[in-house]
Amino acid sequence: MLSLLRQKQWSPYLAGVLLGLVYIVSIWVAGTIPGASGAFENLGGLVAKVVAPALANNTYFRFVMPPGITWEVIMMAGVIAGSFVAAVLSGSFKLRLVSDAQWGRVFGQAIWKRWLAAFLGGIIIEFGAGVAGGCTSGLAVGGGLFLAPAAFIFMIGMFMSGIPVAMIMYRRRY
Amino acid sequence: MELFVIPILIGFGFGFALQKAGLTYYRNIVNVFRFTDLTVIKFMMTAIVVAMVGVFALNAIGGMALPVVPATYIIGNLVGGLIFGVGMAGAGF
């Protein structure tokens, strides 16, 4: 058991079983599908309230994603703690400015490049999740387990754009 | 108190599973779009199947209430997915 917890990476099937159990517990105990992107929208709404009150009063923040410290935001604190503990247990926790070896090999060690991609990618991801009504966790997995058409339409879109973007970024290395 | 403990514990399991699956690494996310590593697909589909069986079993046996299912609005889901994929492949989140 302890050696399993110390493994750097689990079989995706084993980790998938754990995630599936988390979804069951969440729906059972809290009556809600866990989602990751919602937290950032709720927090973004709080920021908007301060810097652009008129914006925070639009239909989206009023009716779809109300600003505030919501269930999702509290869950996000748990997500950070859970992944941190998992990384520390396997000794893979490390502070890095260019987070991944593959990125370094392909795009170089320039910090600004990785951070710019992370920043712009983060904006695009959140915007896309807002339009679609969820992200990979709340919509693709959370909807997928109810065979909601939305989940599969979303995943089709995700690959329709993700594949060409990866092709453009990797060119001959694709 | 309960208001905080439950979402934090659920989030803890969520983050733990994602880290152990390797979904917190750039390479594992982007490589699914290059079809060189299908970890993301294996992980997500396993979670969907396990949760599906568990949720509907509990619903059938114990009468567990089902949550609000994500709404389907075809254009929005598709366009949102298209935008999402750009960021996901670009940043590796």
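Student: Hi! How many helices and strands does chain A have?
Tutor: Hello! In this predicted model, chain A has 10 helices and 0 strands. Helices (H or I, at least four residues) and strands (E, at least two) are DSSP runs, numbered from the N terminus.

Student: How are residues and chains labelled, and which cut-offs apply to the model?
Tutor: Residues count from 1 along each chain as its sequence is written, while chains are lettered from A and ligands numbered from 1 in the order in which they are written. Since this is a predicted model, local features need pLDDT of at least 70 and side-chain atom pairs count only at pLDDT 80 or more, but totals for chains, interfaces and linings use all residues.

Student: What's the mean pLDDT of chain B?
Tutor: It is 95, and 99% of the residues of chain B reach 70 or more. pLDDT is the predictor's confidence in each residue, from 0 to 100. Within chain B, confidence is lowest in α1(B), with a mean of 94, and highest in α4(B), at 97.

Student: And what ipTM does the complex get?
Tutor: The predictor gives an ipTM of 0.96, along with a pTM of 0.94.

Student: OK, new topic. How many residues of chain B are in contact with chain A?
Tutor: 64 residues of chain B are in contact with 85 residues of chain A. Two residues are in contact if their C-beta atoms, placed from the backbone, lie within 7 Å.

Student: Which elements of chain B give two or more residues to that side?
Tutor: They are α1 (2-21), α2 (26-33), α3 (39-62) and α4 (74-91) of chain B. The residues on the side of chain B that touches chain A split into 42 nonpolar, 18 polar and 4 charged. Here Ala, Val, Leu, Ile, Met, Phe, Trp, Tyr, Cys and Pro count as nonpolar, Asp, Glu, Lys and Arg as charged, and the others, Gly among them, as polar.

Student: At what angle do α9(A) and α3(B) cross?
Tutor: Roughly 50°, and the axes of α9 (residues 136-144) of chain A and α3(B) come within 8 Å. Axes are lines fitted to C-alpha atoms, for helices over the stretch in contact, and angles run from 0 to 180 degrees between N-to-C directions. α9(A) and α3(B) are therefore oblique to each other. Angles under 35 degrees count as roughly parallel, over 145 as roughly antiparallel, 65 to 115 as roughly perpendicular and the rest as oblique.

Student: Which residues make that contact of α9(A) and α3(B)?
Tutor: From α9(A) come Ala140(A), Val141(A) and Gly144(A), and from α3(B) come Met44(B), Ala47(B) and Ile48(B).
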